[in-house]
Amino acid sequence: MSEHEMDNSIAIIGLSGRFPDANHIDEYWNNIRNGHEAIHPLTDDRLRELGVSEAKIQHPRYVKWSSSITGTDQFDYTFFDMNKREASMMDPQHRLMLTCAYEALEDSGYHGDLYDGMISVFAGCGFNSYLIREIMSKQDEIPEEDLQLLLQTNSNDYLSSRISYKLNLRGSSVAVQTACSTSLVAVHQACQNLLMYQSDMALAGGVSLRIPETEGYMYQEGGIFSPDGHCRAFDAEAQGTVFGSGVGMVLLKRLEDALTDHDHIYAVIRGSAVNNDGSGKVGYTAPSVDGQRDVIREALMMADIDPATISYIEAHGTGTVLGDPIEMTALQEAFGDSGTQHCAIGAVKTNIGHLNAASGIAGLIKTVLMLQHRELPPTLHYNRANPAINFESSPFYINTTLQPWEVEKHPLRAGVSSFGIGGTNAHLILEEAPFSEDDEQHMLSDKEDRVEELIIHSARTPDAVETMIHNMNQFIKNHPDLDRQNVSYTLQVGRKEYPYRSILLWHPDGQLQSIHQRKINASPTLAFMFPGQGSQYKQMAAGLYQEVPLFRAIMDDCFAILATIDSIDLKAIMLGTYLEPVDLQDTAITQPFLFTIEYALAKCFIQLGIQPAAMIGHSLGEYTAACLSGVLTLQDAMRLVCARGQLMQQSSIGQMVSILATEAEIRPLLSESVFISAINSSTSCTVAGAPDDMQDLLKRLDEAGYAYKLLAVNHGFHTPLMESVIEPFAKVISTCTFNRPTIPYISNVTGTWITSEQAQNPSYWLDHLLQPVQFEKGLQTLLDHDDYTWLEMGPGKALSQFLRQHSATSESLNVYSLMRREQESTTDRSVFLRALGQCWLIGQSIDWKLLHGEHVGRISLPLYPFENKRCWFEPHVELQESLSDSNKDTAEISDSRAYLSSTYEPAQDQIQQNLVSIWEQILGVHPIGIKDDFFELGGHSLLATQIISRLRNLLPDIDIQFDRLFAYPTIEGISEQIELQMIEYLETKA
């Protein structure tokens with residue numbers, strides 16, 4: 001594709017729809033490719049249930065067939081922050097369009113709240129029969145104060161702008177109305193909007209809903225309706241069409257941007273055009289050869305496509321005696337002398353009927369799926385051509401069987417037509433999605449080098465999360481060749497985050513392991529912990545370096561600095577490629593090794609958005625905390641750590657042992673030459689001394705029955721055995737600059753918060769070498785300060801164990817390790833991802849994009865499982881629901897309120913009871929508790945006006961201001977304000 005062609009092409013990256021006999025896009029495609037007709041007969045009994053008169057049922061011209069969709073009375077109004085009363089008043093066409101708009105965005109891997117660019121909306125709908133049939137027939141039950149709400153929920157003017165408001169889309173919001181061509185005209189306008197750079201993405205589509213849906217129609221000879229309930233497009237027996245219901249939406253993006261962003265591209269729009277017939281035709285409702293021909297020619301010109309390369313046309317195809325020949329004549333004139341019968345003709349109306357304002361989008365989505373699957377599905381009910389159409393000498397033929405769609409020398413291309421009563425015509429030129437070599441290479445590498453991936457789900461309710469997990473499991477089973485990185489990336493960056501969350505680990509063998517589920521409450525306060533020497537092992541963090549690009553980049557920066565300080569090749573040691581034997585008890589190697597890994601882990605999490613509120617290190621770990629807090633630059637910290645390790649290695653030989661006992665219990669067993677070097681927890685401490693002295697201690701420990709473990713070190717840290725290090729280390733310290741800490745952390749020397757004076761005093765760092773580590777005291781300082789979530793930034797789980805040993809409430813602690821123990825069979829990446837997932841699970845925001853490498857993109861995955869509820873205008877039913885809700889038990893109330901952040905608390909006095917009654921009537925939500933937020937219940941300014949009006953009628957002596965409800969949006973809060981105003985009123989009357 002040339003640069004010019006790229007600049008003028010639009011990618012279709014998201015799809016959603018509800019069509020007859022198809023609740024989602026996959027069902028729609030299966031029905032089409034299998035030649036399924038979704039127009040069904042109606043029995044007399046069914047018609048009587050619908051209230052059709054007996055005279056009509058028995059009328060010879062009454063056609064008992066219909067094309068409908070299911071669930072039009074269902075809507076997940078709480079998901080879209082609406083109350084039931086408002087949603088029940090709303091035109092179901094608007095509700096369907098809003099749901100499909102959300103799904104089209106989600107199908108593409110985008111969401112308005114997570115996207116910085118401008119997303120526009122172009123949409124239209126059919127005639128609002130819901131207003132006439134269901135609402136105005138009950139107008140005596142509608143209070144006058146509801147008229148404004150009735151207008152906003154039923155006027156076509158608000159269709160697109162409501163979608164923009166509910167989904168937080170900031171581009172253009174345009175309602176489109178051109179009768180039958182509405183939805184395809186909306187797509188054309190969205191393309192123009194994108195090509196003019198007025199937005200970055202655009203939703204486009206349409207909806208049409210017949211109410212009641214399952215009702216027949218009266219046939220009139222010469223009219224548009226079919227006499228037998230079938231649409232026979234272009235056939236000699238064609239006499240009309242059947243009108244049905246449906247909704248469809250696509251998400252569009254400039255092709256160049258979609259390729260750059262590695263989006264999932266269904267197909268490409270190469271060109272589009274819209275015009276009107278004008279008055280040059282028989283009548284207003286009649287079609288025009290000239291108008292249709294010209295719009296097709298213009299679309300071909302805009303696409304710069306030779307019509308000979310187009311091998312399929314999705315026709316308007318109404319199956320009328322007049323319309324079909326006119327459409328084929330226009331096509332033949334537009335295509336000219338482009339060959340004979342190289343282009344198949346199809347019409348989805350033969351499957352589902354005429355969907356009015358949604359007919360164009362139904363044809364477009366069908367054609368997009370044909371391009372994706374490279375198949376030509378059958379056109380139904382075609383036996384022989386309409387006598388007025390000469391297919392034999394034209395470029396066209398009617399395809400009547402499912403067959404592969406194959407061409408040579410150019411991509412698959414198709415045209416889509418939609419012509420509206422009144423003469424507004426639309427035509428699009430489509431091309432199959434491009435396939436890049438980068439994408440192919442990424443898919444191959446993903447299959448060859450599969451690693452663990454973190455799968456995250458979130459929803460408004462716990463049931464929805466469970467459904468998500470089930471749907472994803474089935475999807476993965478059905479699609480074993482999925483690009484795993486793209487799956488995790490799409491779920492992480494392309495889905496809105498909700499309170500109920502779940503994390504799973506997707507293992508290389510295909511197993512999905514559930515890790516944890518929970519509801520978040522508030523963003524966590526985090527404490528980073530950095531271990532010291534003793535927990536190191538060979539090739540620690542090698543898996544992270546190889547499989548986490550962000551960690552690798554930070555480690556490479558550290559290696560580059562280290563190369564200017566020391567000749568040691570830590571990278572080779574980590575990866576196991578060092579040519580000489582490595583002793584990890586050698587502090588000259590181990591200390592810079594540990595520091596580098598701990599620093600890289602912490603920086604990795606910080607860059608991902610996980611910021612510590614506090615830090616604590618154990619021995620060497622305090623240097624990591626100091627560096628991250630800004631006390632030391634990375635260059636100075638690495639110089640100090642390298643010097644410290646080298647000097648300690650040159651000190652006298654010693655041993656250290658960790659003992660499961662208190663300091664008080666151990667001190668009587670120590671000789672003068674054995675020292676407490678660390679107090680780790682209320683039940684654990686570490687001692688150090690010369691090897692011979694330590695052997696004597698071990699015998700005494702065995703005799704006393706204490707459990708202990710020798711540490712993998714050759715020296716006695718944090719004891720007088722380090723005296724020889726002081727003088728040379730002081731010289732290195734004198735060359736460094738120390739700054740004030742910017743992140744609070746705990747001092748090993750004092751066990752309390754480090755002060756600026758201590759951090760910047762060189763003597764402190766010398767004392768740090770000699771004084772025992774006051775880790776227990778430091779843990780207590782942190783535990784007393786806040787309810788932290790703890791992250792251990794280093795190998796093993798020693799510090800996590802100290803924390804659990806020390807805390808009396810260890811079971812309630814959130815403690816996570818970022819690296820495995822040496823003996824663990826799990827991988828480095830899996831432990832890292834578990835910890836990262838746990839942070840997200842408890843409410844931490846994460847910049848997921850940084851976790852992934854290049855060429856990762858978004859793909860189509862199972863959509864949000866809406867929990868639809870009946871939502872129909874039935875005032876008397878709403879009253880019965882309100883009464884029945886008062887008898888619900890606590891468990892039932894809790895289940896019905898899962899989407900709310902507050903727990904149910906009933907009214908405590910008469911004022912609150914009156915307020916509850918008013919809120920439940922206005923909002924249509926039952927039951928409402930006194931701590932429930934008005935806006936979380938689906939309230940808005942129009943409903944707030946109604947509530948204030950009712951309150952003023954209830955309490956005429958109290959002047960309740962409109963802004964009070966916004967400042968105090970709960971019944972508890974507003975009742976307190978009312979009581980205060982009542983007191984003021986009584987005082988003025990006294």
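1. Helices (H or I, at least four residues) and strands (E, at least two) are DSSP runs, numbered from the N terminus. By this count the chain has 38 helices and 31 strands.

2. The model is predicted: local features need pLDDT of at least 70, side-chain atom pairs count only at pLDDT 80 or more, and totals for chains, interfaces and linings use all residues. Residues are numbered from 1 along each chain as its sequence is written, and side-chain values use heavy atoms, with hydrogens and water left out.

3. Overall dimensions and packing. The C-alpha trace spans about 115 × 90 × 45 Å along its principal axes. Of the 990 residues, 58% count as buried (under 20% relative accessible area; exposed is over 50%, partly exposed in between, with a 1.4 Å probe and protein chains only). Contacts are heavy atoms within 4.5 Å; among those with a separation of 6 or more, 78% join residues 24 or more positions apart. The accessible surface is about 39,000 Å², and carbon and sulfur atoms hold 48% of that area (Shrake-Rupley method, 1.4 Å probe; for residues, only the protein chains shown count as cover).

4. Terms for the voids. On a 1 Å grid over the protein atoms alone, a cavity is a set of points where a 1.4 Å probe fits but cannot get out, whereas a pocket is an open set with protein on both sides within 12 Å along at least five of seven lines; lining residues have an atom within 4 Å of a point. Grid points are joined across faces, edges and corners, and a volume is the space filled by probe spheres set on the points.

5. Largest cavity. The whole structure contains five cavities of 30 Å³ or more, and the largest has a volume of about 170 Å³. Its lining comprises 18 residues, with His 457, Ser 458, Met 468, Leu 491 and Arg 495 nearest the centre. Two or more lining residues come from each of α6 (92-108), β19 (453-459) and α17 (462-478). By class, eleven are nonpolar, three polar and four charged (nonpolar: Ala, Val, Leu, Ile, Met, Phe, Trp, Tyr, Cys and Pro; charged: Asp, Glu, Lys and Arg; polar: the others, Gly among them).

6. Second largest cavity. This one has a volume of about 70 Å³. Its lining includes Asn 8, Ile 10, Cys 191 and Met 302. Both α10 (182-195) and β11 (267-276) supply at least two lining residues, and β11 gives the most, with four. The classes are five nonpolar, four polar and one charged.

7. Second largest pocket. About 910 Å³ of space lies here. Of 45 lining residues, Gly 534, Ser 535, Lys 709, Leu 711 and Ala 798 are the closest to the centre. Elements giving two or more residues include α24 (634-650), β24 (655-659) and α31 (798-806); α31 has the largest share, five residues. The lining divides into 20 nonpolar, 19 polar and six charged residues.

8. Backbone points to check. The peptide bond from Ile 211 to Pro 212 is cis, with omega near -5°; Pro 212 sits in the loop between β8 (201-208) and β9 (217-218). Asn 168, not a glycine, has a positive phi of about 60°. Asn 168 belongs to the loop between α9 (159-167) and β7 (173-175) and is partly exposed, at 34% relative accessible area. Gln 341, also not a glycine, has a positive phi of about 45°. Gln 341 lies in the loop between α13 (323-335) and β13 (343-346), and is partly exposed at 35%.
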